[in-house]
Amino acid sequence: MALRQEISDSVKDAMKSKDKLRVSTLRLVGAAIKDRDIAARSEDRCGGIDDSEILSLLVKMVKQREESAKTYEDNARPELAERERSEIEIMREFMPKPLSAKDTQAA
């Protein structure tokens, strides 16, 4: 299944389960994907961005949230830092799992 469709389906599931944080996070991801799609169309790529570009977008969004969480912690705002970390976990569900040391050696 395409990553774009997987995210869209997850938004629907989160809406059904009334998980507000998950809905808002996945909608942010969807909006970022649409922004990149619009930019891609201006470059004559009518199909929008592919899965590899969506993954790089997710990596960028996770990195931004990690920096925000650190800033919030440094400024004594642990509740906001925790929200950023929760968003990170939701986004990482759509990213490939890193290989363990054992798997890396086997490869």
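Helices (H or I, at least four residues) and strands (E, at least two) are DSSP runs, numbered from the N terminus. The model shown is predicted, and local features need pLDDT of at least 70, side-chain atom pairs count only at pLDDT 80 or more, and totals for chains, interfaces and linings use all residues. Residues are numbered from 1 along each chain as its sequence is written, and side-chain values use heavy atoms, with hydrogens and water left out.

**Figure 1. Overview of the chain and its helices.**
The chain contains five helices and zero strands, and its elements follow the order α-α-α-α-α from the N terminus. Along the principal axes, the C-alpha atoms fill a box of roughly 45 × 40 × 30 Å. Of the 107 residues in the chain, 29% are buried (buried means under 20% relative accessible area, exposed over 50% and partly exposed in between, with a 1.4 Å probe and protein chains only). Contact is defined by heavy atoms within 4.5 Å. Among contacts between residues at least 6 apart in sequence, 59% join residues at least 24 apart.

**Figure 2. Packing of α1 against α2.**
Helix α1 (residues 3-16) and helix α2 (residues 20-42) have axes that come within 9 Å and cross at roughly 150°. The helix α1 is therefore roughly antiparallel to α2. Axes are lines fitted to C-alpha atoms, for helices over the stretch in contact, and angles run from 0 to 180 degrees between N-to-C directions; those under 35 degrees count as roughly parallel, over 145 as roughly antiparallel, 65 to 115 as roughly perpendicular and the rest as oblique. The crossing of α1 past α2 is left-handed (the near helix is turned anticlockwise from the far one by less than a right angle; clockwise would be right-handed). On the α1 side, R4, I7, S10, V11, A14 and M15 make the contact, and they meet R22, V23, L26, R27, V29, I33 and D37 in α2. By class, this contact of α1 with α2 comprises eight nonpolar, one polar and four charged residues (Ala, Val, Leu, Ile, Met, Phe, Trp, Tyr, Cys and Pro count as nonpolar, Asp, Glu, Lys and Arg as charged, and the others, Gly among them, as polar).

**Figure 3. Packing of α2 against α3.**
The axes of α2 and α3 lie 11 Å apart and the helices pack at an angle of about 130°. This angle makes α2 oblique to α3. The crossing of α2 and α3 is right-handed. From α2, L28, V29, A32, I33 and R36 meet E53, I54, S56, L57, L58, K60, M61 and R65 in α3. The residues in the contact of α2 with α3 are eight nonpolar, one polar and four charged.

**Figure 4. Packing of α3 against α4.**
Helices α3 and α4 pack at about 165°, and their axes are 8 Å apart. Consequently, α3 is roughly antiparallel to α4. The crossing of α3 and α4 is left-handed. In α3, L58, M61, V62, R65, E66, S68, A69, Y72 and E73 meet L80, A81, E84, R85, E87, I88, M91 and R92 in α4. The contact of α3 with α4 holds nine nonpolar, one polar and seven charged residues by class.

**Figure 5. The nonpolar core around V29.**
The largest nonpolar core has 19 residues, and those with the most contacts inside it are I7, V29, I33, I54 and L58 (such a core is a set of buried Ala, Val, Leu, Ile, Met, Phe, Trp, Tyr and Cys residues joined through side-chain atoms within 4.5 Å). The elements giving two or more residues to this core are α1, α2, α3 (51-74) and α4 (78-92). Leaving aside neighbours within four places in sequence, V29 is in contact with I7, L58, M61 and M91.

**Figure 6. Loop residues K18 and A76.**
K18 is located in the loop between α1 and α2, and A76 in the loop between α3 and α4. K18 is not a glycine, yet its phi is positive at about 60°. A76, also a residue other than glycine, has a positive phi near 60°. K18 counts as exposed because its relative accessibility is 71%. A76 is exposed, with a relative accessible area of 61%.

E82 belongs to helix α4 and, at 47% relative accessibility, counts as partly exposed. The C-alpha atoms of E82 and Y72 are separated by 9.0 Å, the two residues being ten apart along the chain. K102 lies in helix α5 (residues 101-106) and counts as exposed, at 68% relative accessibility.
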